[in-house]
Structure formats: structure tokens, C-alpha cells
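Subject: Structure handover and notes

Hello,

Please find the structure below. My notes on it come after.

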Amino acid sequence: MAWNRTGSILGSGTSAEYEADVIFTAAFVGLAADFARKNKPWRVAMEPEMTLKPVSGDQRPARTTDDRKAMEKHNQLCTRVNQAVRNYLTADNAKPLTWGFTPSFAAGGMIAGGPAASQLDLTLDAAFKQFARKYLTNAKTPTNRTDVGDMYIGRGAYCGLVLDEQGDAVSAMSTVRTTIKENSQLYPAPLNGQVGDRWCPPSTSPKYGEDSTSAQTAPVNKSWIWGMIGDKAAMQQDLQNQGMKFYMGSDNRKGTDLVGYTHGLPRAVYECVRAHKGHPYEMSIGAQTFKLASCMGCTFFMIANGFEPSASHVGRSESWAPLYHVQGNNPSPVLAPIDKDHDQIAAFELANNRWSDAVAGWIKEGIAALDLLIADGWITDNHKPALAALKIKVADTNQTTPAKRRICCNLLLDAFTWHKGDADRVNDTMKIGARPKPGCDGTKLWWDTDTTTRPDTFLNPYTDDQLKKLGDLNQLSL
Ligand SMILES: [Zn+2]
């Protein structure tokens with residue numbers, strides 16, 4: 001098999017967007033079924049709106065209006081997913097998917113990977129965490145951000161940290177961008193075989209972003225290749241200036257290569273897998289995104305590797321990808337002795353395989369659950385052809401070759417290259433149909449009752465003044 005260079009992920013005859021919707025929905029429903037079967041509750045986190053609005057006077061009501069729309073979206077998601085899971089498991093009261101607010105942001109606050117990390121986090125001194133954040137974000141100009149270990153601090157910036165048993169940070173790694181190529185020997189074996197088959201639409205697709213005409217832009221960032229975050233190639237230079245490291249990108253070819261982004265927390269997970277110890281965390285260090293919750297790309301990867309994140313969100317996982325190389329990796333000799341690249345590559349291979357096998361299981365179960373709902377009208381008509389095509393596609397998956405083993409997880413990665421909110425993907429794929437399970441008729445509030453703030457009395461928790469101070473987090477105390 002070679003890479004799919006058509007305009008369609010599944011060849012279903014419908015749009016790539018619907019195909020991406022269905023792929024993500026299958027994986028998400030499959031994971032929800034997995035949790036419910038294990039009698040584990042699952043709660044997704046919503047971040048209250050933190051962007052200042054272009055209205056005069058008090059802006060809080062405008063943010064509250066946006067929050068209420070987001071609440072509705074989260075509630076719809078839970079209704080649909082709970083119907084799919086309860087119907088599939090024939091368990092009317094199976095532990096439901098619920099939603100609530102993201103853990104409150106505070107400078108130096110962290111997402112923990114796994115219950116042991118959450119326990120350790122409780123023992124850490126908040127002042128030390130704020131100090132760590134200050135240290136990680138200190139350098140602010142391109143010229144002094146060129147050393148290995150420097151951190152990306154732009155939009156959506158999070159820094160993965162590995163802490164040892166004493167709670168000391170022994171490694172830090174932020175988001176990296178990698179150019180992914182077909183049959184490339186750029187990546188070390190056996191990780192090169194794990195790349196497998198991907199979808200890279202032809203360069204004539206109208207969804208491609210703008211190439212750069214600016215003389216200021218480095219040649220590597222002249223052309224917009226599939227998966228790039230931001231709709232202009234020129235924006236890549238900004239990401240680099242903000243400290244994001246780019247790998248394998250010296251000859252990006254439009255319509256041939258694509259890019260993927262590996263977030264800090266999975267990078268910390270790789271290191272914990274290598275060392276057989278340590279605790280992975282992620283600290284928010286940007287000035288625009290603060291939610292202390294993992295994206296679904298990271299969530300799937302972390303659960304597959306036994307490090308369930310302390311909170312997850314159903315916002316965007318734009319061009320999320322695992323790593324196929326160890327360049328820029330920051331293993332800790334304090335945590336475990338380093339055997340050149342060998343033990344890192346072995347750890348990456350293991351973690352990637354665990355993830356690919358878990359995703360295959362979730363997608364297959366998700367398809368089965370969605371299939372059962374077609375007759376009762378729970379799948380939107382425009383998404384049915386994509387669901388049928390997905391079912392055929394995954395039938396061929398098995399563990400005999402790296403490419404076949406990675407059919408499901410690579411379809412999920414392909415879906416992530418179609419940039420869209422993850423809750424929207426599910427809500428567009430499914431609608432309320434006949435024979436709803438208890439609570440799934442669209443009237444129930446799937447609000448996590450652990451917290452006291454009810455949506456009906458909800459007011460955006462951030463004052464205008466607090467948000468104005470977000471640029472300098474040291475002034476902020478929430
Ligand atoms: Zn993530």
C-alpha cells in the first residue's frame with residue numbers, strides 16, 4: 001500500500017470532513033464503552049471563555065453567552081455518546097460520560113498523567129510550580145531560544161515535565177512539529193515502519209493554506225503542506241520564533257508530505273516508558289490557553305500507555321501525532337541510565353504500538369456501537385456512507401505488518417489533520433433518534449454533580465480585569 005493521495009480519507013464518496021467526523025466518533029464512542037464496561041466514570045472538561053470580547057463596558061455577559069453555547073455542545077455530546085454506549089452494552093445505567101469545568105487554572109498548575117502523578121501533585125509546593133513556570137517561559141526572543149531544551153511559549157503552549165519520586169522535575173519537553181514522509185529513512189528503524197500509510201490530499205485541494213510570498217520567511221516555510229496549524233505558511237516562522245522546534249522539515253513538499261505535532265505530555269510519557277519510572281505532567285506555559293486538560297489526541301495515547309490524564313477536553317487535537325524519531329528528545333540520566341538512542345527508540349516503539357492497538361480496539365467497538373444505532377435514526381444521513389466505508393477499511397487491520405497494524409490509528413491521525421472541534425465531530429455524526437435509553441432523549445443535563453456551580457446560575461468566572469492581566473501571569477491569582 002502507498003499513501004492515499006486522493007481528496008478522500010475513506011473513499012466513501014462523501015466529504016473528507018464527514019469521514020473525519022465518523023473516524024473520531026468511532027474512537028471516542030469505543031473508549032467510552034471501554035470505560036463503561038470497566039465501570040469507570042468519565043468526565044470531559046470545558047474551559048470557560050477567556051478571550052476578551054470587542055464590546056464596550058462589562059464583557060462578562062458576552063463571555064457567559066459563549067459559555068452557555070459550549071455547555072449545550074458538551075451536553076449534546078454526552079447524550080449521544082451515552083446512548084451509543086448503553087445501547088451497545090445493553091446496560092441502561094452504564095456509568096455515563098459527563099461534563100464539567102476544567103480544573104481551575106493557576107500559574108504553574110499541571111495536568112497529571114496517571115493516578116500516581118495526581119497523588120504526587122498534591123504534595124508539591126505551589127510556589128515552586130510558579131517558579132518553574134517563570135523559569136520555563138523566561139527567554140522571549142528568537143536569538144536566545146536556540147538552545148536544546150528551550151520551550152515553545154506560543155498559542156496552546158504546554159510543557160511536558162517528568163518528575164521523579166521525590167517530586168523533582170528531571171526532564172522538560174514542549175510541543176514539536178515533525179514533517180512526516182512516505183517510506184522515509186529519515187526516522188530510525190523500526191519507527192520508520194510505524195509511519196505506515198497516511199492520507200495526504202493532492203496539492204490542488206482547496207483546503208490547502210496559503211504559501212508564503214514573504215522574503216522574510218525561511219525557505220523551509222515557503223509552502224503550506226498538509227496538517228500545518230495556521231492557514232498561512234508564513235505563520236510557521238512565528239511558531240519557530242516562539243520556540244517550537246521543527247524536525248525533518250528541510251524539504252517540505254506540498255501534496256507529498258504532511259506535518260504532525262507531538263505535545264509535551266506524550267513526550268513525557270515516552271520518557272517514563274523508557275525509564276520504567278517517573279511521573280508525566282504537563283504545565284500550561286502559554287499566554288492564550290490555560291485549560292488544565294489534555295486534548296483527545298493525548299488522551300488516547302496516554303490511556304493506551306497506562307497514564308490516564310487528570311482531565312480531558314473535547315476541543316481541538318489539530319494534526320496531533322506521535323513521534324517516529326528521538327531528535328530533540330530529552331531523556332533524564334537522573335531517572336535511568338541512557339543507552340545511547342537505543343533504549344529511547346525501543347520505548348517509542350513500545351508506546352506507539354500500545355497506542356495503535358488500543359485505538360484499533362476502540363475504533364472497532366465504536367463502529368459496532370454506531371452500526372446498531374442506524375436503524376433507530378441516530379446517525380445523520382450525510383454521515384452514513386462514511387460509516388459504511390470505515391467499517392470496510394478497518395476489517396483489514398491486524399498485527400502482522402506495521403502498516404496493517406496501524407490502519408486504525410493512522411485513520412485517527414488523518415481525521416485530526418481535518419481541523420475541527422472534537423465535540424462537533426460527534427455532534428455532527430449523530431442525532432437524537434428513536435428508542436432513547438434512559439436520560440438520552442435530549443432533556444437530561446449530563447452535568448458532573450461533583451461541583452456546586454450549576455449551569456443555570458452560571459456566570460463566566462473571570463472578571464474583565466483578571467483576563468487583562470493574563471499576559472503577565474505573575475499578577476494573576478485565581
Ligand atoms: Zn494534547
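This is a predicted model: local features need pLDDT of at least 70, side-chain atom pairs count only at pLDDT 80 or more; totals for chains, interfaces and linings use all residues.

Residues are numbered from 1 along each chain as its sequence is written.

Overall

The protein has 14 helices and 10 strands. Helices (H or I, at least four residues) and strands (E, at least two) are DSSP runs, numbered from the N terminus. Of the 478 residues, 49% are buried; a buried residue has 20 or more other C-beta atoms within 10 Å of its own, with C-beta atoms placed from the backbone, an exposed one has 12 or fewer, and a partly exposed one lies in between. Two residues count as in contact if their C-beta atoms, placed from the backbone, lie within 7 Å. Among contacts between residues at least 6 apart in sequence, 77% join residues at least 24 apart.

Sheets

Strand β1 (residues 42-46) runs parallel to β2 and is joined to β2 by five bridges. Within that pair, Arg-43 stands opposite Thr-98 in β2.

Another open sheet of three strands has the order β7-β6-β8 and mixed pairing. Neighbouring strands are turned by 25 degrees against each other on average, direction ignored; axes are lines fitted to C-alpha atoms, for helices over the stretch in contact, and angles run from 0 to 180 degrees between N-to-C directions.

Strand β6 (residues 176-180) and β8 run antiparallel and are joined by five bridges. Thr-179 has Val-259 in β8 as its bridge partner, and Arg-177 stands opposite Tyr-261 in β8. Five of the five residues of β8 are buried. Leu-258, Gly-260 and Thr-262 point one way from β8, and Val-259 and Tyr-261 the other way.

Helices

Helix α1 (residues 16-37) has 22 residues, which at 1.5 Å a residue should span 32 Å, and its end C-alpha atoms are 32 Å apart, in agreement. The expected span is 1.5 Å times one less than the number of residues. In α1, 18 of the 22 residues are buried. After α1 comes Asn-39, whose phi is positive, near 60 degrees.

The axes of helix α9 (residues 342-371) and helix α10 (residues 384-394) come within 11 Å and cross at roughly 140 degrees. On the α9 side, Ile-363, Lys-364, Ile-367, Leu-370 and Asp-371 meet Leu-387, Leu-390, Lys-391 and Val-394 in α10. These contact residues divide into six nonpolar, no polar and three charged.

Which residues does Ile-363 contact, leaving aside its neighbours within four places in sequence? They are Ala-26, Ala-27, Gly-30, Val-394 and Cys-408. Ile-363 and Ala-26 are 337 residues apart in sequence, yet 5.0 Å apart in space, C-alpha to C-alpha. Ile-363 is buried, with 28 other C-beta atoms within 10 Å.

Regards

Key
Two strands pair if DSSP finds at least two bridges between them. Ala, Val, Leu, Ile, Met, Phe, Trp, Tyr, Cys and Pro count as nonpolar, Asp, Glu, Lys and Arg as charged, and the others, Gly among them, as polar.
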